[in-house]
Amino acid sequence: MSESEMKVTLNGTNVFGTPMLDFSKIALPGLSGELAEQSLARAREGCETIKAASEKMTEALRETFSSNARSATDYGLKVFEISNANTASALDFFVHLIGSRSATDVFALSAAQTRKAFDTASDQNKELLALAQKLATETGEPIRKHFTKVLHQAG
């Protein structure tokens, strides 16, 4: 099949080398005249309703993605900040450790560093948890809100 046969023309007469079907001229079994027209009108209305709902959900997903990108960026930046702080703390510990003069100093520095690392990790985990919860909330809320709105309008 050539490329020209695969293209759809503007008037819709050629799809993969076959003519487009005109469903408006197809008779519905058991229906004639005015009833058939009413059925087709209802089908068109249903399709328009589905199309409108789809457009609204697409908009909700677009808003969600935008919000999600901001929150994910904040989370990523916080991870980098934490990584930098932990690296600086470890380097400071090693500098002090190298400068220690006795085994007692090494044990005291190690104990202090362990306590400090535990407290810092606890605080950092709380910050990351708060950002993760914010990300989850900001991601789910617009979808829930728009989905509920679309369902109420359709129902």
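In which helix is the place of serine 89? Serine 89 lies in helix α2, which covers residues 34-98.

## Basis of the model

This is a predicted model, in which local features need pLDDT of at least 70 and side-chain atom pairs count only at pLDDT 80 or more, while totals for chains, interfaces and linings use all residues. Residues are numbered from 1 along each chain as its sequence is written, and side-chain values use heavy atoms, with hydrogens and water left out.

## Overall fold

The protein chain has 3 helices and 0 strands, in the order α-α-α along the sequence. Helices (H or I, at least four residues) and strands (E, at least two) are DSSP runs, numbered from the N terminus.

## Surface and contacts

The protein chain has 155 residues, and 13% of them count as buried. Buried means under 20% relative accessible area, exposed over 50%, and partly exposed in between (1.4 Å probe, protein chains only). The accessible surface is about 12000 Å², with 64% belonging to carbon and sulfur atoms; areas come from the Shrake-Rupley method with a 1.4 Å probe, and for residues only the protein chains shown count as cover.

Of the contacts (heavy atoms within 4.5 Å) between residues at least 6 apart in sequence, 58% join residues at least 24 apart.

## Serine 89 and glutamine 113

Serine 89 counts as buried because its relative accessibility is 15%. Leaving aside neighbours within four places in sequence, serine 89 contacts Gln113 and Lys116.

Glutamine 113 belongs to helix α3, residues 103-154. With 16% relative accessibility, glutamine 113 also counts as buried. Residues up to four places away in sequence not counted, glutamine 113 touches Ser89 and Phe93.
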